[in-house]
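Subject: Structure handover

Hello,

Here is the structure, followed by notes on what was found in it. Please read the notes with the model open.

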Amino acid sequence: MIYADYNATAPLRPEARDAMLAALEVGANPSSVHGPGRKARKILEKARSQLATAIRAIPQDIVFTSGGTESLSLAIHGVVRKLDYDCTLLVSAIEHEAASKNAGYAGANLETVYATDDGQVDLDGLRQRLAKWDTKAAGLPVLVLMLANNETGVIQPVSEAASLVREAGGLVICDGVQGLGKIPLNVSMLGVDYLALSAHKAGGPQGAGALWMRSGAPLLPTLFGGGQERSLRSGTENLSGIAGFGAAAEAAAGDMETMRTIGWYRDRMEARLVSEAGVTIFGRKAPRLPNTSNFAYNGFKAETQVMAMDLAGVAVSSGSACSSGKVKRSIVLSAMGASDALAECAIRTSYGWRSEETDFEHTAEAWLEALRRRNMKETA
Ligand code: PLP
């Protein structure tokens with residue numbers, strides 16, 4: 001089977017697996033003061049350092065969580081509460097539901113920042129909105145903007161957006177989940193205040209994540225209990241998951257050359273699909289993650305494509321893989337101005353550390369064959 005669904009979950013890196021098994025062997029609580037507890041603490045802090053190095057941060061600014069969704073939840077609800085609801089969340093139209101739904105439930109004012117047809121947030125629109133910002137009426141501006149989109153791979157102009165928001169005295173919460181391990185990350189260069197991360201998109205295990213926060217950035221905890229993670233996220237840490245996260249982040253950050261090669265294979269695959277079938281590639285004109293290709297062929301329904309590809313031994317997903325496994329209309333493609341008819345025909349392929357050149361060739365072959373069969377049926 002060719003696995004082309006890394007943006008849903010990347011296969012576990014061997015480095016992560018080894019670190020997880022070693023952590024499981026310890027079997028102690030990192031908060032315990034005895035020897036085994038101290039051993040567990042050492043593993044936890046090693047992972048924190050590994051992740052910090054991967055994003056060019058300092059370890060003390062990282063809070064471990066259960067994943068990207070929880071990190072976004074902590075950042076969004078924690079900021080809104082700390083600001084006593086005196087803020088407006090400016091949420092980009094292409095955010096993952098982990099960000100947009102938490103923003104929706106946060107109890108603060110909410111505004112949408114629209115996207116361009118290329119799939120990037122509309123910086124001019126943001127600039128204009130901030131230029132007439134009335135803090136008395138709207139409170140502090142808090143931008144919620146992802147680093148790279150999970151469906152299209154389009155990389156967002158985060159540092160430009162962040163400097164606009166900073167000039168207006170506001171804060172930026174960034175969903176970095178799809179960026180980690182695919183493009184080099186440097187929190188200072190991004191200029192954001194909070195960065196949400198998840199292990200399983202970078203070759204770590206599911207169920208581990210982190211929130212990086214700028215030192216001194218306002219935040220109230222949303223989970224209360226034993227006071228772990230500087231009291232910002234109580235609850236015994238998922239030690240093996242976190243150990244795997246640290247090891248995966250380190251391995252991925254040191255493997256950017258593979259990602260560059262993958263980008264080259266992806267471009268070649270897309271060139272073939274365009275020349276032989278005239279597919280529409282979403283976000284092609286914008287900077288994109290090297291591993292992602294989201295394309296559509298008008299009239300060829302995504303569900304049919306996904307099933308045909310599965311039968312041909314290629315695992316892909318339609319638009320955004322949602323938890324129910326059902327296909328729903330893509331908010332992202334709609335925000336980019338795609339018609340519903342075309343968006344319903346979009347599939348996402350995404351690759352990663354274990355992908356090989358032949359995976360891209362087989363994806364193209366399988367898809368072109370599926371199209372030929374479908375066309376034959378149509379004309380029969
Ligand atoms: N943000 C983005 C952009 C994602 O793609 C995902 C997962 O699909 C999440 C957040 C949620 O991360 P997690 O699955 O770790 O909760």
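How many of the 15 residues of helix 9 are buried? The answer is 13, and helix 9 is mostly covered; buried means under 20% relative accessible area, exposed over 50% and partly exposed in between, with a 1.4 Å probe and protein chains only.

Two notes on conventions come before the rest. The model is predicted, and local features need pLDDT of at least 70, side-chain atom pairs count only at pLDDT 80 or more, while totals for chains, interfaces and linings use all residues. Residues are numbered from 1 along each chain as its sequence is written, and side-chain values use heavy atoms, with hydrogens and water left out.

Helices (H or I, at least four residues) and strands (E, at least two) are DSSP runs, numbered from the N terminus. Helix 9 covers residues 239-253, and its end C-alpha atoms are 21 Å apart, which agrees with the 21 Å that its 15 residues should span at 1.5 Å a residue. The expected span is 1.5 Å times one less than the number of residues.

Helix 3 (residues 68-82) also has 15 residues, and it reaches 21 Å from its first C-alpha to its last, close to the 21 Å expected. Twelve of the 15 residues of helix 3 are buried, among them Gly 68, Glu 70, His 77 and Val 80. After helix 3 comes Asp 84, with a positive phi near 55°.

An open sheet of seven strands has the order 2-8-7-6-5-3-4, and its pairing is mixed. Two strands pair if DSSP finds at least two bridges between them. At the edges are strand 2 (62-65) and strand 4 (109-113), each of which pairs on one side only. From one strand to the next, the twist averages 20°.

Within this order, strand 5 (residues 140-146) and strand 6 (residues 171-175) are parallel and share five bridges. One of the residues involved is Val 142, whose bridge partner in strand 6 is Leu 171. Helix 5 (residues 123-131) lies across strand 3 (87-92), strand 4 and strand 5, and runs at about 170° to strand 3. Axes here are lines fitted to C-alpha atoms, for helices over the stretch in contact, and angles run from 0 to 180 degrees between N-to-C directions.

A second open sheet has four strands in the order 9-10-13-12, with antiparallel pairing. Strand 9 and strand 12 (317-318) are its edge strands, each pairing on one side only. Helix 11 (residues 302-311) packs on this sheet, touching strand 12 and strand 13, and its direction makes about 40° with that of strand 13. Contact means heavy atoms within 4.5 Å.

Strand 10 (residues 292-296) has five of its five residues buried. Thr 292, Asn 294 and Ala 296 point one way from strand 10, while Ser 293 and Phe 295 point the other way. Strand 9 (residues 280-281) runs antiparallel to strand 10 and is joined to it by two bridges, with Thr 280 partnered by Ala 296. Strand 10 and strand 13 (residues 346-350) are also antiparallel, with five bridges. Asn 294 has Arg 348 as its bridge partner in strand 13, and Thr 292 stands opposite Ser 350.

The ligand

The ligand is surrounded by 13 residues, of which the closest are Gly 68, Thr 69, Asp 175, Ser 198 and Lys 201; a residue is near a molecule if one of its heavy atoms lies within 4 Å of it. An N or O atom in the side chain of Thr 69 is 2.6 Å from an oxygen atom of the ligand. For Gln 178, a polar side-chain atom lies 2.8 Å from a ligand oxygen atom, and for His 96 the distance is 3.2 Å.

Positive phi in loops

Two residues other than glycine could be checked by eye. Arg 56 has a phi near 55° and sits in the loop between helix 2 (35-54) and strand 2. Arg 56 is exposed, with a relative accessible area of 57%. Ser 231 has a phi near 65° and is found in the loop between strand 8 (209-213) and helix 9. Ser 231 counts as partly exposed, at 40% relative accessibility.

Regards

Technical notes:
Polar contact = N/O pair within 3.5 Å; in protein donor to acceptor, adjacent residues only side chain to side chain.
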